[in-house]
Every structure is written in C-alpha cells, then in structure tokens.
Amino acid sequence: MDVSAIIPELLSALPLTLAITFTALIAGFYLALLATTLRVRRVPVISHLADLYVSYARSVPVVLQLFVAFYGLPLLVILFGSEDFFSPTIAAMVALSFYHGGYLSEVLRPAYLAVDRGQHDAADSLGYTFRQKITRVIGPQAVHFALPGYGNSVIYLIHNVALVMYIGAADVMATAHLIMERDYNQYQFETYLVLAVIYSVMCLIAWLIVRFFELRSPMQAPEATTSAQIKNTLIASV
C-alpha cells in the first residue's frame, strides 16, 4: 500500500478527533474556571469537593478515566431513560472534559495567586465587586501568567485524545489500527509515521495559537507594575 492511500483514510477520521478535542477544550475550560473559583474563595465543603475533583483528574491515569466514564455513564443514562444517547464518543468527551478541567485548574489557580496582593487591595478600595475585579484587574494579569501552562495543557489533551480508541471511539488512532489489521500489519511504520505527522501538526497549530496570544499580551512583568500604578489606572478608568 502506498502512503498516499493511507493519508485519506486517516484524515477521514480527523473530524471526530477534532470534535472530541474541541469539546474537551471548551467544557474543560469552564469546569476549570468553576473549580478554580471554588478553590480560591474557599467555600465550605464545596471547595473540598473541588479539591477532590482536581486530585482525581490529575492523579488517575487518563485511560482509566476513560474506562470509568465508559462503564459508569450507562448507569446514569439508564436512570433518565436515555440509553440511545450514550456512545463511546460521548464517554470520551465527558472523560476528557473532566480530565482537562482538573488539570487546567492547577494552571489557573497559581496564575490567579501570582497576581500581587496589592492589586487586589487596590481594586477593593475602589469598591469593585468580585466579578469586576476579576474581569478588569486580576483576570488580564492572570491570563498573562496562565498562557504558557495553558498551552502545555492543550498539547497534553491532544496527546491523550489518542487513547479514546481503547473505549471504541473511531478516532484517527483507531482508524490507523484498523488499516494495519486489514493489511495484516504490513505497513505499520508508514501508518505510524503518518500518524506522527498528523499529531505533530495539530500540536504545532495549538502552540502557534497560544504563542500568538502570549506575544500580544499587554501585561508587563510583575516586578515592573506596582500596586500604586494599578490603582492609578483603575481610578482613571472609573
């Protein structure tokens, strides 16, 4: 088999791979925001549950999280009478969303805590609500700190999407194994080489997008921005 015949077959499974990736990226981001907010504000009981969730997402192997979702979700959907809704793709999206959310929470929380405490005080002294303080003052600076770690988390997610084949999702990796089995494992090197190129391109695109925002981040280094400067900026914006 020529390599040119392998590429179209692998690319035919790329939309599903991208769908799982983007779903986990978006859902995981909102889960990370929620978990980070609860962990930072230390809400009784709920914050401990958020800590437990992050610990689970970071300590349990991703492939095991996929199996837990694959065998655990049917027990939940049966309760709601939605058995037809469940599929390996749904299980993969749910498991990877929870994984990405827990991992990303450990990127966002240190970024939030890295912002100088005096800048919190400056916003509080002007009567900003928690939401206004986050969106106008702390958030933009925390994003500056979080971007490098966020880029790494996206790349790790792309790598881990390759594991969804173990629960039956027909992604690029699963398609590659079907191609090799069909051809009696004669073209393993060529197939894996094409796979390596596909994943490398996906990770490169993700890195370039994150790098684009890093280079255009307006924030200065933390030591170059004092609390007095931040307060003066806030007063000018009121």
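**Figure 1. A first look at the whole chain.** Buried residues account for 40% of the 238 residues in the protein chain of this predicted model. Take contacts between residues at least 6 apart in sequence: 75% of them join residues at least 24 apart.

Figure 2. The protein chain has a mean pLDDT of 84, with 88% of its residues at 70 or more. Confidence is highest in helix α2 (residues 14-41), at a mean of 93, and lowest in helix α10 (residues 227-237), at 48. Along residues 220-227 the pLDDT stays under 50, and the model gives this stretch 10 contacts beyond four places in sequence. Residues 234-238 also have a pLDDT below 50, with eight contacts in the model beyond near neighbours in sequence. A friendly caution for this view: where pLDDT is low, the predicted coordinates should not be read in detail.

**Figure 3. Helix α3 meeting helix α5.** Two packed helices are described by the angle between their axes and the distance between the axes. Here, the axes of α3 (residues 46-59) and α5 (residues 88-114) come within 8 Å and cross at roughly 110°. That angle makes α3 roughly perpendicular to α5. To find the contact on the α3 side, look for Tyr-53, Val-54, Ala-57 and Arg-58; the residues on the α5 side include Ser-97, Phe-98, Tyr-103 and Glu-106. By type, the residues of this contact divide into six nonpolar, four polar and two charged.

**Figure 4. Ser-105, a buried serine of helix α5.** Ser-105 sits in helix α5 and has a relative accessible area of 0%; it counts as buried because that value is under 20%. Its side chain makes a polar contact of 3.2 Å with the side chain of Thr-36. Setting aside neighbours within four places in sequence, the residues in contact with Ser-105 are Ala-32, Ala-35, Thr-36, Arg-39, Val-54 and Pro-110.

**Figure 5. Ser-59, an exposed serine of helix α3.** Ser-59 belongs to helix α3. With a relative accessible area of 53%, Ser-59 is exposed. A polar atom of the Ser-59 side chain lies 2.5 Å from the backbone oxygen of Ser-55. Although Ser-59 and Tyr-103 are 44 residues apart along the chain, a separation of 9.7 Å lies between their C-alpha atoms.

**Figure 6. Val-45 in the loop between α2 and α3.** Most residues other than glycine have a negative phi. Val-45 is not a glycine, yet its phi is positive, at about 70°. You will find Val-45 in the loop between α2 and α3, where this residue is exposed, with a relative accessible area of 57%.

**Figure 7. Helix α6 and the residues at its ends.** Start at Asp-116, which caps the N-terminal end of α6: one of its side-chain oxygens lies 2.9 Å from the backbone nitrogen of Gly-118. Within α6 (residues 117-125), Gly-118, Gln-119, His-120, Ala-122 and Ala-123 are buried. After α6 comes Gly-127, with a positive phi near 80°.

Key
Residues numbered from 1 in each chain as written. Heavy atoms only, no water. pLDDT = per-residue confidence, 0-100. Helix = DSSP H or I, 4+ residues; strand = E, 2+ residues; numbered from the N terminus. Contact = heavy atoms within 4.5 Å. Axes fitted to C-alpha atoms, helices over the stretch in contact; angles between N-to-C directions. Parallel < 35°, antiparallel > 145°, perpendicular 65-115°, else oblique. Nonpolar A, V, L, I, M, F, W, Y, C, P; charged D, E, K, R; others polar. Buried < 20%, exposed > 50% of the residue type's maximum accessible area, 1.4 Å probe, protein only. Polar contact = N/O pair within 3.5 Å; in protein donor to acceptor, adjacent residues only side chain to side chain.
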